[in-house]
Amino acid sequence: MIPNVHTSTIDLGDGRTITLETGKLAKQADGSVVVRSGNCMLLATVVSARQASPVDFLPLTVDYREKFAAAGRFPGGFFKREARPSNEEVLTMRLVDRVLRPLFPKDYHAETQVMIQLMSHDENVMPDALAGLAASTVIQLSDIPFEYPISEVRVGQIDGRFIINPSKEQLKESNVDIMIGASADSVTMVEGEFDEVSEEVMTDAIRFGHEAIKKQVAAQIELAEAVGKKETREYEAEDSDEELQQKVHDFSYQKCYDIAKGGSSKQERGVAFGEVKEALLEIFSEEEIEEKGKLIGKYFSKAQKEAVRELVLAEGIRLDGRQTTDIRPIWCEVDYLPSTHGSSVFTRGETQALATVTLGTSREANIIDLPTDQGEENFYLHYNFPPFCTGEARPLRGTSRREVGHGNLAQRALKKVMPDDCPYTVRVVSEVLESNGSSSMATVCAGTMALMDAGVQISNPVSGIAMGLISDGERFAVLSDILGDEDHLGDMDFKVTGTENGITACQMDIKIKGLSYDILIQALKQARDGRLHILGKLTDTIATPAGDVKKHAPKMVMRTVPNEYIGAIIGSGGKVIQELQKETNTTIVINEDPDTGEGIVEILGTGAEGIDQVQARIDALMFKPEVGEVYEVQVIKILEFGAVVEYTDAPGNEVLLHVSELAWERTENVTDVVNMNDVFEVKYFGIDPRTRKEKVSRKALLEKPEGYVERKPRTGGDRDKRRGGENNRRPKRY
């Protein structure tokens, strides 16, 4: 046994446990731990610089990576090594970051890096549910200043029973998939998706998860005490000046209060607050500004925040003049872009999203190739947040973590209403054109309308709303449809999406300790009222999905074919399918059903004529004539010994009509009876045992001529007589 190894165990019930182990790996980090559940093992480390960063915020990086070796797999790509993080890894990083970040001291600015790595995978354990526990544990084992331990769990519900950290298979049967982050005393983060459940079910799931988190927090404390809890390191705190703070407050507070009460727009408020700050700076000398300019700016922001919050708590008035339950004006439009398969514009106050829908085949599915998950997404949503939407000019650095997270929330909200039998791969893209408030909820609303405009038969329209909270410990106000400033200055950002039947997704970040369930329930009920109000605006614009896709959008037909015909449809080297796509201006995709082994053929085309041609060709390739049946044929080739005919109902299927089967009379020349392009009927006799080829007959459908005598079939004896008898046979050669 390696010395100084310490462990702590958490009982999850159902025979499952989580083990925390430290002292064996990565001992040069400020803290390290291995979290194990079943065969799933995460290695988490934390390192924080000893000197403060020059920036005036905490430069915290939370990194989560899944190693392909953990699942005994090779990475894809040319270099065969892990590269940039996947969307799923980014989402896990965000889940952990959102819970950790508020618990570092406000004046702690040392660069800090938390790294979590999946080192061993277990198919029955979802590692993202253990990442928050791992991150908090390593910080508890270090000397980094941190307020208190937290953890995260996933909660599912099957047949009315809640489950902690369900497996992937269990999650498929669950109507709840929610991640909860909390301390022993307070819930601080919630994110999940639901099958249109009630607010009560969601609240019960949060309570259930919180009880499990309390056990995980206790295990962290137990492990830290066993190791020997380190003294919190000393660090250089921010400068403070109480006299200066009071001076700034006295000058700024009432002025900011009056501006906040004015009910102006975002830009107008920005200008007004800027003028107050300029006036504030004029009361200080140049030397004071040079020496304490940062503190003056910090204290001004604090006074501004206090004024806005007090206005809401004391008078129930918000920055734009609304009451706490008011929703900003909404206008909507569908079919805005003429060339897309579906489009919509959703504008709520100073937030605007333009959504588009694109329909395609399974070839356009989003491929998921992770150590922990492989498969395809046939519905996915992308969210773009360009700088101009907030009036900024800044460099574009690719898709941000925020864009990944907001897009995922909107995707989870809408995928719950997607039809199970949708034949298309569906891509929704949200372009945020203005932002002052929740653009992710605007994306949900715009996405709903764009899907209906595209003719996607969603089960119910979905709307979303962002709720806020302002509380001083005694008074509180729940705010519907929050502004960007209210998100920044408030104590909660709670996004809820749903249909008229219930909740489909949520995301909540709470900045205060001890949020009561009474306040949470009030927020959920107020959110429901707001959601239904917004839903009414959506359905006023487009009440139900369009009956069909647009004329210029591709039409999709899906059909199954027996496995033995797949090769014939594809052809040698893909020749048949490629020529067919070119001739009919369609896209044809063939996949094999893993359950039945049958081929699933997807035919995508803008014109019904092309799709019908493909269907007819497939029918022809699958055509099997039945013995005794009569079929119409056309002559396509004349030979000396017969005519090659093609079944008119199955183009491409040919058979030889032998000269002896043309007519009852002896036929010297084939053209005496039939000619090129003649159409007539034949009877199918199946495989002729003598020739081992398919036999069809024209004469079998004709009446025998009067006096016709059937010729007797020749036998071996007849052949011997014609040759001069048995004795005249040629001698065998040996």
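Entry one. I am working with a predicted model. I looked up the total and found 41 salt bridges. As background, I noted that side chains of opposite charge can pair when their charged atoms come close.

Entry two. I checked Arg65 and found its side chain in a salt bridge with Asp63, at 3.1 Å from N to O. Are the two partners buried or exposed? Arg65 is partly exposed, at 24% relative accessible area. Asp63 has 11% relative accessibility, so I wrote it down as buried, the limit being under 20%.

I then looked at Arg412 and Glu191, whose side chains form a salt bridge of 3.8 Å, N to O. Arg412 belongs to helix 8 (residues 401-415) and Glu191 to strand 10 (residues 187-197), so this pair ties together parts 221 residues apart in sequence. I noted Arg412 as buried, with 13% relative accessible area. Glu191 is buried too, at 6%.

My next pair was Asp487 and Lys511, with a salt bridge of 3.9 Å, N to O. I found Asp487 in helix 10 (residues 484-489) and Lys511 in the loop between strand 21 (503-510) and helix 11 (517-541), so the pair ties together parts 24 residues apart in sequence. Asp487 is partly exposed at 26%, and Lys511 is partly exposed at 42%.

Last, I looked for salt bridges that share partners, and found one network whose members include Arg98, Asp128, Arg154, Glu191, Arg412 and Asp509.

Terms used: Residues are numbered from 1 along each chain as its sequence is written. This is a predicted model: local features need pLDDT of at least 70, side-chain atom pairs count only at pLDDT 80 or more; totals for chains, interfaces and linings use all residues. Side-chain values use heavy atoms; hydrogens and water are left out. A salt bridge is a side-chain nitrogen of Lys or Arg within 4 Å of a carboxyl oxygen of Asp or Glu. Buried means under 20% relative accessible area, exposed over 50%, partly exposed in between (1.4 Å probe, protein chains only). Helices (H or I, at least four residues) and strands (E, at least two) are DSSP runs, numbered from the N terminus.
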